[in-house]
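This report describes selected side-chain features of one protein chain. The sequence and the coordinates are shown first, and the description follows.

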Amino acid sequence: MKLDLIDHFQFKNSIDFINSHLRSIEQIHANAEGHLGIAKKVLEREIKKPLG
């Protein structure tokens with residue numbers, strides 16, 4: 001029984017660790033999209049026409 005509890009605890013910690021990393025990746029992705037949007041606006045302003 002004690003082994004089962006340890007395994008469950010380790011499994012839950014692993015899931016929490018993965019979820020934390022997924023949230024970090026999602027935040028990095030959102031930041032990258034924001035930076036790309038800013039870069040696109042700057043380029044459009046510089047070349048004076050919209051980009052696809």
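## A salt bridge between Asp 16 and Lys 12

The side chains of Asp 16 and Lys 12 are joined by a salt bridge, with an N to O distance of 3.1 Å. The model is a predicted one. Both residues belong to helix α1, where they are 4 residues apart, about one turn of the helix.

Asp 16 counts as partly exposed because its relative accessibility is 35%, a value between the limits of 20% and 50%. Lys 12 falls into the partly exposed class as well, with a relative accessibility of 42%. Side chains of opposite charge can pair when their charged atoms come close.

## The second salt bridge

How many salt bridges does a search of the whole structure find? The search returns 2. Besides the pair described above, Lys 40 forms a salt bridge with Glu 44, and the closest N and O atoms of this pair are 4.0 Å apart. Lys 40 and Glu 44 also both lie in helix α1, again 4 residues apart, which is about one turn of the helix.

Lys 40 has a relative accessible area of 34% and is therefore partly exposed.

## A nonpolar surface patch

Which residues form the nonpolar patch on the surface? The patch consists of Phe 11, Ile 15, Phe 17, Ile 18, Leu 22 and Ile 25, and together these residues have about 600 Å² of accessible area.

Ile 15 is placed in helix α1, which covers residues 2-47, and it is partly exposed because its relative accessibility is 34%. Ile 25 also lies in helix α1. With a relative accessible area of 52%, Ile 25 is classed as exposed, since the exposed class requires a value over 50%.

## The segment after the helix

Lys 48 is located in the segment after α1. The phi angle of Lys 48 is near 60 degrees, a positive value in a residue other than glycine. Is Lys 48 buried or exposed? Its relative accessibility is 71%, so Lys 48 counts as exposed.

Technical notes: Residues are numbered from 1 along each chain as its sequence is written. This is a predicted model: local features need pLDDT of at least 70, side-chain atom pairs count only at pLDDT 80 or more; totals for chains, interfaces and linings use all residues. Side-chain values use heavy atoms; hydrogens and water are left out. Patches are made of residues with over 30% relative accessible area and no salt bridge: like charges are joined within 9 Å, nonpolar side chains (Val, Leu, Ile, Met, Phe, Trp, Tyr) within 5 Å. Accessible areas come from the Shrake-Rupley method with a 1.4 Å probe; for residues, only the protein chains shown count as cover. Helices (H or I, at least four residues) and strands (E, at least two) are DSSP runs, numbered from the N terminus. Buried means under 20% relative accessible area, exposed over 50%, partly exposed in between (1.4 Å probe, protein chains only).
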